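Hi everyone, thanks for making time for this one. Let me put the sequence and the model up on the screen, and then we'll walk through it together.

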Amino acid sequence: MNRPAIDDRRIELLLGNLLRFGVLLAASVVLCGAVVYLVRHGHETANFSEFRGEAAALRSLPAVVAGALHFHGKSIIQFGLLILIATPVARVVFSAIGFAIERDYLYVALTLIVLAVLLYSLIGSDAT
Amino acid sequence: MTILAFTILIATGSFLAGLLGALTGLGGGVVVVPMLALLFGVDIRYAIGASLVSVIATSSGAAAAYVREGYSNIRIGMFLEVATTIGAIFGALIATHVPTAAISIIFGIVLLLSAYFSSRPHPPDLVNSSPDQLATVLKLNGSYPGPKGLTNYNVHNVPGGFSLMFTAGTLSGLLGIGSGALKVLAMDQAMRIPFKVSTTTSNFMIGVTAAASAGIYLSRGYIDPGIAMPVMLGVLAGSLLGARILVRAKTRWLRYIFSAVIIVLGFEMIYEGWKGTL
């Protein structure tokens, strides 16, 4: 029974480092976007007390990527935030692979349920 | 106020929240929403969206450090994430239908409860208890490096813990917090999982839970890059620094101060929600 425990730990360590890399990547992208955004809009008056809802360009992955390619500060920030949201999703994907290697099919199934819920939130809820 | 000044102020406040959250183990996310809403007058929906993003950043950023300690249990985490992620989606979906005044009041109550529960002593770790049948089938029992070497533990009350986790997920999706206090409560007090295992496994689950509702918040337009940016960068920097100096710092007084802040913010959120100003 000792072997799986050690394998778990190795997978987790790898995942921990992967997550940290993802977070640092996301933070760097957000920082780049912040510079562009503040240089262009930093002098304007702040108004966040009124809820307007974000423009469609900042609500979905394809629109955010398109905006980021046009060098819009807000879109670059939003793209960084999407990378950040993707890091826990990546962890779940890699956990499923880890469980599959260990041939623990009960946990492969449980992990896939979690993944399905996450993907519903990220993609499926757009349709509503 | 210009956007530049506003950004710097929010980043500084978020940095302090992340630092104190990491030093006290109470999590910075829980004070981000009241800080943005009460201090900076940000609409509570934007505040929740930004907080959710910062919760993912701290959880994923600290994961490597937690794994190295060897406490977290990936099977417990994954099994309970089924409950927290479904709860998170449920919470995010009802968030759009709940008036902001009600969200503010619920937020205040959760703040007060988490201050209360985190001040209570946790039960002594249960060792050498008889294994629970369901926990054995789900392979939840494990071992951790205790003071006397590798210690085995058994997990209890799986259905009770699972339903508490659904509630934790719902609150996380509704309020944009990690619900760390409730997650630890479910594992530590209901399922009798050793405290260290509970806290580190909870950290892992927080990121996945928050990601489940973040997608919905994003597509609903609740995540404003102008607010989420300084909050995410500030909280992340603060919590990374906090985790570094944690080993040397005396955290008892900090815990008292931070708990007091949480209680004041809790009452303030309830009051403002009652008046209908948020």
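Among contacts in chain B between residues at least 6 apart in sequence, what percentage join residues at least 24 apart? The figure is 81%, where contact means that C-beta atoms, placed from the backbone, lie within 7 Å.

A quick word on ground rules. This is a predicted model, where local features need pLDDT of at least 70 and side-chain atom pairs count only at pLDDT 80 or more, while totals for chains, interfaces and linings use all residues. Residues are numbered from 1 along each chain as its sequence is written, and chains are lettered from A and ligands numbered from 1 in the order in which they are written.

Let's stay with chain B. Its 11 helices and 2 strands are DSSP runs, numbered from the N terminus (helices H or I, at least four residues; strands E, at least two). In sequence order they read α-α-α-α-α-α-β-β-α-α-α-α-α.

Those strands, β1(B) at 142-146 and β2(B) at 149-153, run antiparallel and share 5 bridges; pairing takes at least two DSSP bridges. A hairpin of 2 residues connects β1(B) to β2(B), and B:G146 has B:G149 as its bridge partner.

As for dimensions, the C-alpha trace of chain B spans about 60 × 40 × 30 Å along its principal axes.

Finally, the contact between the chains: chain A brings 54 residues and chain B brings 52 residues. On the chain A side, α1(A) gives the largest share, 16 residues. Thanks, everyone!

Terms used: Two residues are in contact if their C-beta atoms, placed from the backbone, lie within 7 Å.
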